[in-house]
Amino acid sequence: MSDTNANKGMIRRFLDMPPDSTVKTVTVAVVLCLVASMIVSAAAVSLRPVQDTNRLRDKQRNVLEVAGVYEPGMNIAEAFKSFEPHVLELDTGEFTDQYDVATFEELATSGDPALVRALDEDPAGLGGSQQIFQMVYILRDDAGEIDKVVLPIEGYGLWSTLYGFIALEENGNDIYGLQFYQQGETPGLGAEVDNPRWKALWNGKKLRDEDGTLQITVAKQPPAAGRDYYIDALAGATLTSRGVDNLVRFWMGEQGYGPFLERLKAGEI
């Protein structure tokens, strides 16, 4: 009983303090900060599943878009079932069952050292290391033949790392489309990588010439190999354009999907 009275006395003395009292001001501020932080933390935890689901749906939508099968209002999760996800080992160009496709994305973002290797050269700006297992997506036609393959790509532009997908035809050489789903480049300049008119320039371009030499390039002038391998650089965004050029050439080369694309060309997938 005496403890209760003592507590009431403390509360009463606190409430009776002048409004400009240092002790009262600091105490109220601390209490408000604690309450606000608990509310924010609780909201973040409760919303995390929704955020994860939205992030997954956004990535799936981008896969559908780059492959040319997305339609506004469609059920994204249902449409995505037409794609075959596979975990690809870059060095061999072969699919692996070492990892479960259902949990691979979560594992890949965990920083598992078994999934990455150091790079002697880093033209794509990957921070000196590369993930050696990648989730790739295959779309088949009604006859069960490969129609398109969708490959994740990433690399540094001017201000940010660009994350996206490139879709290739069944021969592994003709580009169907390119799309970035996350980037932080300068609005109106480097951010024009999201401009539909610029993305449309990639359709029908080729990665390699008849000799198998990688020729695809993003530049201000067409290369000697010709316009079949050329995408016009973004106006006023030289460094972003160079970044896209570097990342595409890196991922389509031998340290990227080169071995897989050779197998695809040979009909071994």
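**Exercise 1: a helix and its span**

Solution. Helices here are DSSP runs of H or I with at least four residues, strands are E runs of at least two, and both are numbered from the N terminus. Next, check the length: H6 covers residues 238-252, and its 15 residues should span 21 Å at 1.5 Å a residue, where the expected span is 1.5 Å times one less than the number of residues. The end C-alpha atoms are 21 Å apart, which agrees.

The model is predicted: local features need pLDDT of at least 70, side-chain atom pairs count only at pLDDT 80 or more, and totals for chains, interfaces and linings use all residues. Residues are numbered from 1 along each chain as its sequence is written, and side-chain values use heavy atoms, leaving out hydrogens and water.

**Exercise 2: one tryptophan**

Task: describe the surroundings of Trp251.

Solution. Start with burial: Trp251, in helix H6, has a relative accessible area of 1%. Then look beyond four places in sequence: its contacts (heavy atoms within 4.5 Å) include Leu90, Gln130, Ile153 and Tyr257. Finally, the C-alpha atoms of Trp251 and Pro152 are 8.8 Å apart, although 99 residues separate them along the chain.

**Exercise 3: a hairpin**

Task: work out how E7 and E8 pair.

Solution. Strands E7 (161-169) and E8 (175-182) are antiparallel, with six bridges; pairing requires at least two DSSP bridges. Ile166 is the bridge partner of Leu178, and Gly164 stands opposite Phe180. Between the strands are five residues, and Gly172 of this hairpin has a positive phi near 70°.

Conventions:
Buried means under 20% relative accessible area, exposed over 50%, partly exposed in between (1.4 Å probe, protein chains only).
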